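Open the model in your viewer and keep the selection tool at hand. This tour goes from the whole chain to single residues.

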Amino acid sequence: MSAGPRFGADIERGKTLEFSQSVTYPGTVDEVVAMFLSSGYQERRFGSFVVEGSSSTVVEGERITFSGTVRPELIPSAASRFVKGDLRVTFVEEWSREEAVARSLSTVTVEGAPVSFRAVSVLSPSGQGAERDVTGDVSVRIPLLGGRIEKEAVAHLGRVVERERELATQWLEEHR
C-alpha cells in the first residue's frame, strides 16, 4: 500500500479549482471496482456525512448513485448563510473497463447550493494492488467566497483520501 495520496498542482482556472491525486488499494482492479459499486461500501464511505435515515443508494450495472441530506453541522460557516434549508448531495460514479484497466467518471451535485465536483479516474494494477489516479475539479459559485471555499475543500482532500484508503482497506479485507 502506498504511503498516502500524491497531489498534483492545484490550478485555479476561472471559477473551478482543479486537483489530481493518486491512491493505492490492496486489491485487484476487479475487487476495487466491485467495492465502489457496492451500496454497503458507499454507505460506509458517505454515511457519516449525511443525516441518519436520509440516504439512498441505487446500483444500475456499472453505475452507482448515493444521495443523502448533508448534516447541517458540516456546512462551512462561511457558506451557511447562503444555504436555505436542507442540502441534498448526490454522488454518481460510473465505471467502464478496458482490459486490465478500469475508468470512472464521478460527479457530486448539491441541491440548494452552487457547488459541483467532477473527477475522472483510471484504476490500474500496481505491484501493491490497484492504483487509482484521479483528476478533477471543484466549483463553488458564491460571489467573493467561492474561491476560498474551493481551496479549503481541496486542502482537506488529503484527509478525505486517507480516510477512504483506510475504509477501503478494511472493506477489502472483510470481503475476501
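Begin with the whole chain, which is a predicted model. Among contacts between residues at least 6 apart in sequence, 54% join residues at least 24 apart. Now colour by secondary structure: there are 5 helices and 9 strands. From the N terminus, follow the order β-β-β-α-α-β-β-α-β-β-β-β-α-α.

Of the 176 residues, 44% count as buried.

Next, go inside. Which residues have the most contacts inside the largest nonpolar core? Select Y25, V32, M35 and L123. This core has 19 residues. Show β3 (16–25), α1 (29–36) and α5 (157–174) too, as each supplies at least two residues of the core. Elsewhere there is a second, separate core of 12 residues, and L87, V89, F91 and V108 are among them.

Return to Y25 and display its neighbours. Leaving out residues up to four places away in sequence, Y25 touches V32, F36, L123, Q128, G129, A130, R132, E164, A168 and L172.

Last stop: Q42. Find helix α2, residues 39–46, where Q42 lies. Is Q42 buried or exposed? Q42 counts as buried because its relative accessible area is 0%, and the cut-off for buried is under 20%. Select F36, G47, I64, F66 and F91 to see what Q42 touches, again not counting residues up to four places away in sequence. F36 is also on the list for Y25, and F91 belongs to the second core.

Technical notes. Residues are numbered from 1 along each chain as its sequence is written. This is a predicted model: local features need pLDDT of at least 70, side-chain atom pairs count only at pLDDT 80 or more; totals for chains, interfaces and linings use all residues. Side-chain values use heavy atoms; hydrogens and water are left out. A nonpolar core is a set of buried Ala, Val, Leu, Ile, Met, Phe, Trp, Tyr and Cys residues joined through side-chain atoms within 4.5 Å. Buried means under 20% relative accessible area, exposed over 50%, partly exposed in between (1.4 Å probe, protein chains only). Helices (H or I, at least four residues) and strands (E, at least two) are DSSP runs, numbered from the N terminus. Contact means heavy atoms within 4.5 Å.
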